[in-house]
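Open the model in your viewer and keep the selection tool ready.

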Amino acid sequence: MLRGGKVGLRARHDEDIPILRTELYDDVANASRAEGGPWRPMTPGSKDPRLVVDDTDEGRVLFSVVELAGDTLVGTAALWGIDTHNRGAHIGLGLLPAARGKGYGTDAVAALCQYGFVVRGLHRLQIETLADNIPMLRSAERNGFVREGVLRSAAWVMGEFLDEVLLGLLARDWKPDPQV
Ligand SMILES: CC(C)(COP(=O)(O)OP(=O)(O)OC[C@H]1O[C@@H](n2cnc3c(N)ncnc32)[C@H](O)[C@@H]1OP(=O)(O)O)[C@@H](O)C(=O)NCCC(=O)NCCS
């Protein structure tokens with residue numbers, strides 16, 4: 001378990017899967033905004049890599065996000081696109097609707113930075129998010145990520161093209177959260 005101030009990142013448990021599927025991936029609007037691809041229904045029991053860990057995939061580490069007080073599941077987080085030559089990776093994060101707006105996103109990004117920079121020795125972390133996703137932009141910026149560019153009309157989301165923002169953080173600029 002990697003501990004932040006309020007949330008922890010732990011392994012995916014079987015009982016997390018139906019909750020994440022129902023609350024995140026069956027929600028067409030949420031999935032369309034977060035996935036970077038078209039929503040498709042997820043068959044119960046399928047080995048979809050967004051939910052089920054493939055330990056042979058070296059490029060991706062999947063976590064369940066839990067409230068430290070009580071070990072309650074609050075979301076999913078990933079380090080993906082891990083590139084061991086250039087020593088970079090991308091961050092992905094999705095919290096259950098009831099868990100949003102409580103500071104957990106900011107805390108989960110801090111824990112993912114700890115994992116990426118300290119545990120994995122990476123040099124650069126990157127986040128891509130929709131330009132109107134204020135909570136994600138703020139969660140990233142609170143942890144030192146800087147906006148490196150806007151990808152204009154890069155995402156087709158529910159009938160319209162939306163801008164994406166690319167944010168990056170270098171290990172040398174990272175100030176670890178003392179609570180993590
Ligand atoms: C994006 C997400 C991970 C952010 O986590 P969160 O726990 O909701 O965010 P936090 O509570 O840590 O808030 C971060 C900041 O955003 C602000 N914020 C939170 N919700 C907000 C809202 N609905 N509107 C405006 N600002 C908001 C907070 O005030 C805080 O600002 P501050 O740093 O200036 O104090 C979460 O909302 C989520 O899972 N959303 C749905 C899936 C998603 O968009 N994933 C990201 C795909 S790239």
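Select Val 180. Beyond its neighbours within four places in sequence, Val 180 is in contact with Arg 3, Gly 4, Gly 5, Ala 110, Ala 111 and Gln 114 (contact: C-beta atoms, placed from the backbone, within 7 Å). This is a predicted model: local features need pLDDT of at least 70, side-chain atom pairs count only at pLDDT 80 or more, and totals for chains, interfaces and linings use all residues. Residues are numbered from 1 along each chain as its sequence is written.

Val 180 sits in the segment after β8 (strands are DSSP E runs of at least two residues, helices H or I runs of at least four, numbered from the N terminus).

Now show the strands. An open sheet of 8 strands runs β1-β2-β3-β4-β5-β6-β8-β7, with mixed pairing (strands pair if DSSP finds at least two bridges between them). Its edge strands are β1 (2-3) and β7 (146-157). Zoom in on β7 and β8: they are antiparallel, joined by 8 bridges. Pick Trp 156; its bridge partner in β8 is Phe 161.

Finish in the largest nonpolar core, with 35 residues (buried Ala, Val, Leu, Ile, Met, Phe, Trp, Tyr and Cys residues joined through C-beta atoms within 7 Å). Helix α3 gives the largest share, 9 residues. Select Leu 112: not counting residues up to four places away in sequence, Leu 112 touches Ala 77, Leu 79 and Ile 91.

Terms used
A residue is buried if 20 or more other C-beta atoms lie within 10 Å of its own, exposed if 12 or fewer, and partly exposed in between; C-beta atoms are placed from the backbone. Two residues are in contact if their C-beta atoms, placed from the backbone, lie within 7 Å.
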